[in-house]
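Subject: Structure handover

Hi,

Here is the structure I promised to pass on.

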Amino acid sequence: APGEDIQVQLIAEEAGLAGTVLYRHFHDRVDLDVAVQQRICQDLGEVLAPALAVDGTPLVIIRRIVDAVVRWATAHPALFWFIQLELPEPGPHPLAVAIESIAEKIEQLMGTVVEYEGVELGAEDRAGLDPWVFGLIGQTFATIRRWSSRLEVSPAPEQLVSMLAETTWLQINGMASARGIDVPDLSIAELLRVTEKSTT
């Protein structure tokens, strides 16, 4: 489409890729677009890394993650739009890879709570944890996409963060309660200290 190359160049430059190297190292336009998506997702991962720190209760960590994504998407609407484009490229989508990386960290946090409670999850629960957590994160991205694409962007970002964090927490806490797990109101760091002491 007319102007499309200019738009991609602007997005690439915002993602930190110099315009002079855009087409030199890529086979075709799709190859370039995937590389730009990968770079954007890498930068988003670096933004989210502090939010995934263990110095907080599960609810605090969830809110921190959601807040980081909403703030980033609000500050970089073009990048947020671009990483969600489906491209005719074989292999996993860069955003799916990024979500999987976040999901792995969240699963580790959940595993800490389960170990602290001394509960043994069944094989089906363990197998289902990965797609379920992946879906939770994907739902967050889809909600932010819908919210940010409307003509009137409402509610305010902080209200959206509260809503998303609350609904995510309700799902996690509900799944835990159904399995006899009472998520303690302690930081993950404290839970790790307790579980490490009990295994030494």
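The second largest pocket is lined by Ala73, Thr74, Pro77, Phe80, Trp81, Gln84, Arg145, Trp147, Ser148, Ser149 and Val153. A pocket here is an open set of points on a 1 Å grid over the protein atoms alone, where a 1.4 Å probe fits and protein lies on both sides within 12 Å along at least five of seven lines; lining residues have an atom within 4 Å of a point. Two or more of the lining residues come from each of α3, α4 (77–83) and α6, and α6 gives the largest share, four residues. By class, that lining has six nonpolar, four polar and one charged residues (Ala, Val, Leu, Ile, Met, Phe, Trp, Tyr, Cys and Pro count as nonpolar, Asp, Glu, Lys and Arg as charged, and the others, Gly among them, as polar). The space inside is about 170 Å³, a volume being the space filled by probe spheres set on the points, with points joined across faces, edges and corners.

Before I go on, a word on what you're looking at: this is a predicted model, where local features need pLDDT of at least 70 and side-chain atom pairs count only at pLDDT 80 or more, while totals for chains, interfaces and linings use all residues. Residues are numbered from 1 along each chain as its sequence is written, and side-chain values use heavy atoms, with hydrogens and water left out.

Now the largest pocket, with about 580 Å³ of space. Its lining takes in 31 residues, and Ile106, Met110, Trp132, Val133 and Ile172 lie nearest the centre. The elements giving it two or more residues are α3 (58–75), α5 (94–117), α6 (123–149) and α7 (157–178). Again α6 supplies the largest share, here nine residues. The classes come out as 26 nonpolar, three polar and two charged.

As for the fold, the protein chain has eight helices and zero strands (DSSP runs numbered from the N terminus: H or I of at least four residues for helices, E of at least two for strands). Of its 200 residues, 37% count as buried, meaning under 20% relative accessible area with a 1.4 Å probe, protein chains only; exposed is over 50%, and partly exposed is in between. Of the contacts between residues at least 6 apart in sequence, 71% join residues at least 24 apart, where contact means heavy atoms within 4.5 Å.

What about the core? Ile137 touches Ile99, Ile102, Ala103 and Ile106, if you skip residues up to four places away in sequence.

Two loop spots are worth a look. In the loop between α6 and α7 you'll find Pro155, joined to Ser154 by a cis peptide bond with omega about 5 degrees. Asp55 sits in the loop between α2 and α3 and is exposed, at 53% relative accessible area. Beyond its neighbours within four places in sequence, Asp55 is in contact with Arg64 and Ser187. The C-alpha atoms of Asp55 and Leu186 are 9.5 Å apart, though 131 residues separate the two along the chain.

Cheers
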